[in-house]
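Okay, everyone, have a look at the screen.

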Amino acid sequence: MALAREGGGGLAGRRRAEGGRPSASVAPPAATTSREKTSGSQQDAPALQEAEVRGPERARPARGRMTKARLFRLWLVLGSAFMILLIIVYWDSAGAAHFYLHTSFSRPHAGPPLPTPGPDRDRELTADSDVDEFLDKFLGASVKQSDLPRKETEQPPAPGSMEESVRGYDWSPRDARRSPDQGRQQAERRSLLRGFCANSSLAFPTKERAFDDIPNSELSHLIVDDRHGAIYCYVPKVACTNWKRVMIVLSGSLLHRGVPYRDPLRIPREHVHNASAHLTFNKFWRRYGKLSRHLMKVKLKKYTKFLFVRDPFVRLISAFRSKFELENEEFYRKFAVPMLRLYANHTSLPASAREAFRAGLKVSFANFIQYLLDPHTEKLAPFNEHWRQVYRLCHPCQIDYDFVGKLETLDEDAAQLLQLLQVDRHLRFPPSYRNRTASSWEEDWFAKIPLAWRQQLYKLYEADFVLFGYPKPENLLRD
């Protein structure tokens with residue numbers, strides 16, 4: 001009880017003390033807490049201040065890194081733009097950089113290159129090679145040399161064979177007779193071509209379009225040799241196999257045992273027509289993107305541009321003979337079979353050209369003419385290059401050719417062109433074969449072709465007759 005009272009009195013006393021003055025027993029803890037808080041805050045203040053200081057210090061390097069990254073990107077963009085501008089300006093002043101590109105494994109190691117034409121052209125193309133080397137790295141372009149099997153030389157077919165009869169091989173070398181009037185002859189051919197391109201009296205599809213409007217796929221016949229500054233537009237059935245051989249030798253684009261070919265006739269025929277052996281305009285976009293058209297125009301302005309043509313009707317006869325009178329599996333399946341079904345009423349045909357020839361199933365020249373005149377033919381696909389018009393292959397009204405050669409004067413024209421390119425002392429046009437398809441044959445070949453078909457066919461190829469100065473075959477176009 002006494003303890004209870006003491007306890008109660010003690011509690012009441014403490015309550016009264018709290019109401020009056022602070023109790024000595026309670027005050028010390030409160031004071032201790034306050035001091036602890038004060039000392040704690042005093043201890044925490046430097047830590048907070050240190051955190052506040054360290055925060056910006058940590059943020060400052062991050063902001064610095066971001067700034068450096070932005071500056072690097074900006075510098076990279078500006079540098080790239082400047083280099084592209086520099087390249088374009090350099091090309092306009094010094095000439096088109098050539099794109100004869102080699103990997104380190106395919107670079108020739110033996111055999112001196114053919115000389116480049118003339119001191120001025122030599123300096124220009126040497127300067128271009130420096131830019132070309134830079135473009136290899138800048139644009140990431142590279143050319144992989146064809147890994148082709150060994151084959152020493154092309155041999156002519158045996159005398160009396162069907163191929164010899166159709167193609168008319170003549171492998172004897174011939175010396176070209178150079179006429180003193182060849183320069184004037186070239187001037188007349190070029191003047192005639194330019195005149196009719198500017199003359200509104202001659203109209204044909206694509207005549208008025210600009211070079212920029214030509215689809216990339218239609219530039220595949222323009223072969224570029226950057227070493228000697230030459231551009232050749234090849235026309236099938238106009239000695240194009242041997243001119244392609246010449247372009248391979250000039251450009252050094254095809255190697256044999258690690259060394260470029262130097263003799264055109266040593267280049268196997270099957271490799272001559274391999275697209276990988278030539279640099280053509282249609283490949284530029286894939287390599288150089290938006291710069292491609294500009295580079296094409298610069299090369300067209302500075303390089304020597306040439307093509308070879310022949311009488312359009314004789315060229316058609318030659319194409320028919322080589323593709324449909326000889327066993328050609330590709331042309332049989334792709335062209336002969338549809339022609340025989342559509343125009344010869346054959347429903348069941350052999351699977352191969354060999355079987356068809358044994359069965360006596362061949363496309364006639366009349367079937368071939370029907371195919372060319374049929375309006376549905378080109379709705380399915382453009383004419384094959386062997387019978388497509390020259391103005392569609394080489395765009396003579398969009399490209400100002402420096403040299404117009406003709407198959408009828410092949411020997412003289414070839415010698416003159418090689419002299420123009422200044423390689424005539426080191427390179428001769430291959431003796432190859434003389435195609436026996438002659439203009440004197442036209443009447444025999446067209447004798448069984450109806451007059452209306454002949455007239456339509458002339459309209460189809462009229463532009464080629466007129467642009468290249470071939471006379472209108474009046475004897476075939478009237479009864």
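Predicted model: local features only at pLDDT ≥ 70, side-chain atom pairs only at ≥ 80, totals over all residues.

As background, nonpolar side chains in soluble globular proteins tend to be buried together.

Let's pick on Phe281. What does Phe281 touch, leaving aside residues up to four places away in sequence? Among them are Phe211, Leu219, Leu222, Val224 and Ile231, and also Met296, Lys299 and Leu300.

Now, Val224 brings us to the sheet. Val224 stands opposite Ile231 in E2. E1 and strand E2, residues 230-233, run antiparallel, with 4 bridges joining them. Zoom out and you have an open sheet of 4 strands, ordered E1-E2-E5-E6, with mixed pairing. Strand E1 (222-225) and strand E6 (403-406) are the edges, each pairing on one side only. On average, neighbouring strands in this sheet are turned by 20 degrees against each other, direction ignored. Then there's helix H6, residues 240-251, which lies across E1, E2 and strand E5 (304-309). H6 runs at about 30 degrees to E1.

Last stop, Leu291. You'll find Leu291 in the loop between helix H8 (284-288) and helix H9 (292-302). Buried or exposed, then, for Leu291? Its relative accessible area is 13%, and the cut-off for buried is under 20%, so Leu291 counts as buried. Along the chain, Leu291 and Ile84 are 207 residues apart, yet their C-alpha atoms are separated by 9.3 Å.

Methods:
Residues numbered from 1 in each chain as written. Heavy atoms only, no water. Contact = heavy atoms within 4.5 Å. Pairing = 2+ DSSP bridges. Helix = DSSP H or I, 4+ residues; strand = E, 2+ residues; numbered from the N terminus. Axes fitted to C-alpha atoms, helices over the stretch in contact; angles between N-to-C directions. Buried < 20%, exposed > 50% of the residue type's maximum accessible area, 1.4 Å probe, protein only.
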